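User: Hi! I have a structure open and would like to talk it through with you. Could you take my questions one at a time?

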Amino acid sequence: MTIVYESARDTHHYQERFQLACVAPAPFVRPGERGLFVRRPRGDRGGASPDSRYEAALGRWGLIPLFSSTPDYPATFEARGETAAGERDFLQPWKRGHRCIVLADALYRRGENDHRMVRVTRADGQPLALAGLWNGWRAPDGQCVESFALLTLPSEELPGERRAVFLREGWLDDWLHCPVEEAAACLRPYDLGKLLRTPVDSGPPRDAP
């Protein structure tokens, strides 16, 4: 399970993959904090070019379901890829095609030793494309609060553990735009030979620049 991820800081990655001009996001994001994600343009908002296929949004890592009465809904930063389509917390975002992508230079997960962590990156230096679901929750005062969850699958390396879903480069547009009934086909195991896993004594400090 991902404890914290390191946002893709080089904004040319957003331009190259999604033709988006973005301000560099927060360097490290933990559950409950705000991160940058890419999605299909929202259909209920004006102002977007009719030719735009993508838009960037900031939202809380921890999806707030439509039925929640509070923005502090707990433990929804991870959605199981095998069951999200039928789970109460994630059913509506899945049905509505509210899929998103988080670009990350690295993510951190717990190591086999509880006192250490593992930093996961792509071996070629490119950012990881993490599959997610997003939602726009309407607060009692009328404010729309954006949020997202990262999708996970069972870990091939550590039985009983979960890992984030890494999308293949050629599937980014498909993940965001394919029909709902085809979305699960994008949630495939990633070639572990294309990843670097580096043990570290601790994750990034909370006041990291």
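Analyst: Happy to! One term first: two residues are in contact when they have heavy atoms within 4.5 Å of each other. Please keep in mind that this is a predicted model.

User: With that term in hand, which residues is valine 165 in contact with, leaving aside its neighbours within four places in sequence?

Analyst: Valine 165 sits in the loop between β10 (162-164) and α3 (172-177). Its relative accessibility is 0%, so valine 165 counts as buried. Leaving aside neighbours within four places in sequence, its contacts are Ala129, Leu130, Ala131, Leu151, Thr152, Leu153 and Leu187.

User: Leucine 187 is among those contacts. What separates the C-alpha atoms of valine 165 and leucine 187?

Analyst: Along the chain, valine 165 and leucine 187 are 22 residues apart.

User: Is glycine 81 buried or exposed?

Analyst: Glycine 81 belongs to the loop between β5 (78-80) and α2 (91-95). The cut-off for a buried residue is a relative accessible area under 20%. Glycine 81 has 12% relative accessibility, so it counts as buried.

User: And which residues does glycine 81 touch, not counting those up to four places away in sequence?

Analyst: Glycine 81 and valine 165 are 84 residues apart along the chain, with 8.1 Å between their C-alpha atoms. Valine 165 has Leu151, Thr152, Leu153 and Leu187 among its contacts, and these names come back for glycine 81. Not counting residues up to four places away in sequence, glycine 81 touches Leu151, Thr152, Leu153, Arg162 and Leu187.

User: Let's move to leucine 66. Which residues does it touch, not counting those up to four places away in sequence?

Analyst: Leucine 66 is in the loop between β4 and β5. With 36% relative accessibility, leucine 66 counts as partly exposed. Its C-alpha atom lies 26 Å from that of leucine 167, which is 101 residues away along the chain. Not counting residues up to four places away in sequence, leucine 66 touches Gln92, Arg96, Asn135, Gly136 and Trp137.

User: What is the phi value of glutamine 19, and where does this residue lie?

Analyst: Glutamine 19 has a relative accessible area of 52%, so it is exposed. Its phi is positive in a residue other than glycine, near 55 degrees. As for its place, that is the loop between α1 (12-18) and β2 (28-29).

User: How about alanine 75: buried or exposed?

Analyst: Alanine 75 lies in the loop between β4 (55-61) and β5. Though not a glycine, alanine 75 has a positive phi of about 55 degrees. At a relative accessible area of 67%, alanine 75 is exposed.

User: How many disulfides does the count come to?

Analyst: The rule asks for a pair of cysteine sulfur atoms within 2.5 Å. By this rule the count is 0 disulfides. For cysteine 100, the nearest cysteine sulfur is that of cysteine 186, 13 Å away. For cysteine 144, the nearest cysteine sulfur is that of cysteine 100, at 14 Å, and cysteine 144 is in no disulfide, in keeping with a count of 0.

User: Now the whole chain. How many helices and strands does the protein have?

Analyst: Reading from the N terminus, the elements run β-α-β-β-β-β-α-β-β-β-β-β-α-β. The totals are 3 helices and 11 strands.

User: What radius of gyration does the protein have?

Analyst: The C-alpha atoms fill a box of roughly 45 × 35 × 35 Å along the principal axes. A compact globule of 209 residues would have a radius of gyration near 17 Å. The protein agrees with this, because its value is 16 Å.

User: Last one: how far apart are the mean positions of the positive and negative charges?

Analyst: The protein has 28 positive and 29 negative charges. The distance between their mean positions is 2 Å.

Note on methods. Residues numbered from 1 in each chain as written. Predicted model: local features only at pLDDT ≥ 70, side-chain atom pairs only at ≥ 80, totals over all residues. Heavy atoms only, no water. Helix = DSSP H or I, 4+ residues; strand = E, 2+ residues; numbered from the N terminus. Rg over C-alpha atoms; globule rule 2.2 N^0.38 Å. Lys, Arg positive; Asp, Glu negative; His and termini not counted. Charge placed at Lys NZ, Arg CZ, Asp CG, Glu CD. Buried < 20%, exposed > 50% of the residue type's maximum accessible area, 1.4 Å probe, protein only.
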